[in-house]
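Open the model in your viewer and colour it by confidence. Then follow the stops below.

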Amino acid sequence: MATTALERQPTALAETASQTMCAAVVHDFAEPLRLDEVPMPVAGAGEIVVRIEASGLCHTDIHAAHGDWPVKPTLPFTPGHEGVGIVEQVGRGVTEVAVGDRVAIPWLGYACGTCEYCVSGWETLCLEQKNMGYSLDGSFADYVKAYGRYVVKVPEGVDPIDAAPLTCAGVTTYKAIKVAGTRPSDLVAVFGVGGLGHLAIQYAAIAGGRVIAVDVVDEKLELAEELGAEFVVNASRRDPVEAIRELGGADQAIALAVSPTSFEQAYASLRRGGTLVFVALPAENHIELPIFETVLNGITVVGSIVGTRVDLREVFELHAAGKTRVIRETRSFSEVNEAIAEVEAGKVPARIVFTPELSG
Ligand SMILES: [Zn+2]
Ligand SMILES: [Zn+2]
């Protein structure tokens, strides 16, 4: 349905307003998503409309669709915050992008631009922020409306299907490695090799780190080795803390698995002066950490949330230069519920990317 919309050329605003498109919509947190025919968005002042070419499925979309978090999206809404596509409309006052540009539309859909966080390079902490696929309709649709100032151009030579996972999984792990402060020769323990982990391994290696990857699935650990992990541990067979300590302990540990136990193992694997970066958001919200060892060993524990527009530009720059590989599989929007089930069952090697071209 609505695939004909994809062949249309850019249209005048008045014409577009009466047209419809296809979107994967959440109507009820306890129900599957529905593919609906909805009105085409129209760009207002400062806004753009993007024809989606690719949209990655992030775990956050699944939490949004299930209403898992304390602040829930207002129903009905369209998830998706790894949208990549071509700008087809620009509203009044948009100077950052033009019709025909390929852009990425990340989680940070809007920030105020003037608060102390926004002006100090921490726009991701802005209290006024709006998020794609959560408080704003996201990219599980043929078209999406976005703020022109908060999208990031995708450089020439980057496949839009690669660009989609980079827009959240990529920038999130890139930022986590920056926050970790990885330097050449540091031992970096990456806990969880999936959509995020497979990219974290590559960014840690780019920063000069020596990587040890931890997971419970052998195929994922093989992938980790292919992507540059020097050491791997299957935590279902061997205590990862012991394995990492044998190597002298981790300078940094990146917690990407949605398991509090894995966070505690990541902490325990650190050497003195080490840094633990919290990234994953397990449903179980608490872990136990010892105060005494944290103080005496000079441990840093830090949270890292997505990344800024500058971080995303750097992620794209690295990919365009051939420094990273994105492991992904494509599906059509009509398979959205099956795709969510696959991710929940842990059956997906890394990332699923929806491509509307295939929907029908
Ligand atoms: Zn995400
Ligand atoms: Zn702000």
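Donors here are N, O and S atoms within 2.8 Å of the metal. With that in mind, the donor residues of the zinc ion (ligand 1) are spaced C-x22-H-x86-C in sequence.

Before zooming in, check confidence. This is a predicted model. The protein chain has a mean pLDDT of 93, and 94% of its residues reach 70 or more. Over residues 1-16, however, the pLDDT is below 50. That stretch still has 31 contacts in the model beyond near neighbours in sequence. Where pLDDT is low, the predicted coordinates should not be read in detail.

Now select the zinc ion (ligand 1). Cys58 (SG), His81 (NE2) and Cys168 (SG) coordinate the zinc ion at 2.0 to 2.2 Å. Cys58 sits in the loop between strand E3 (47-57) and helix H2 (59-66), and Cys168 in helix H4 (residues 160-180), so this pair ties together parts 110 residues apart in sequence. Cys58 is buried, at 5% relative accessibility. Cys168 is buried too, at 7%.

Next, the aromatic pairs: the whole structure has 9. Select Tyr110 and Tyr147, a tilted pair with 4.9 Å centre to centre and 50° between the planes. Tyr110 is in strand E6 (residues 108-110) and Tyr147 in strand E8 (residues 143-147), so the pair links parts 37 residues apart in sequence. Tyr110 is partly exposed, at 24% relative accessible area.

Move to Phe140 and Phe354. Their planes meet at 75°, with centres 5.1 Å apart, so the pair is edge-to-face. Both residues are buried.

Last, select Trp69, Trp107 and Tyr134, which form one aromatic cluster.

How values were computed: Residues numbered from 1 in each chain as written. Chains lettered and ligands numbered in written order. Predicted model: local features only at pLDDT ≥ 70, side-chain atom pairs only at ≥ 80, totals over all residues. Heavy atoms only, no water. pLDDT = per-residue confidence, 0-100. Contact = heavy atoms within 4.5 Å. Donors = N, O, S within 2.8 Å, 3.2 Å for Na, K, Ca; no water. Helix = DSSP H or I, 4+ residues; strand = E, 2+ residues; numbered from the N terminus. Buried < 20%, exposed > 50% of the residue type's maximum accessible area, 1.4 Å probe, protein only. Phe/Tyr/Trp six-rings, centres within 6.5 Å; stacked < 30°, edge-to-face > 60°.
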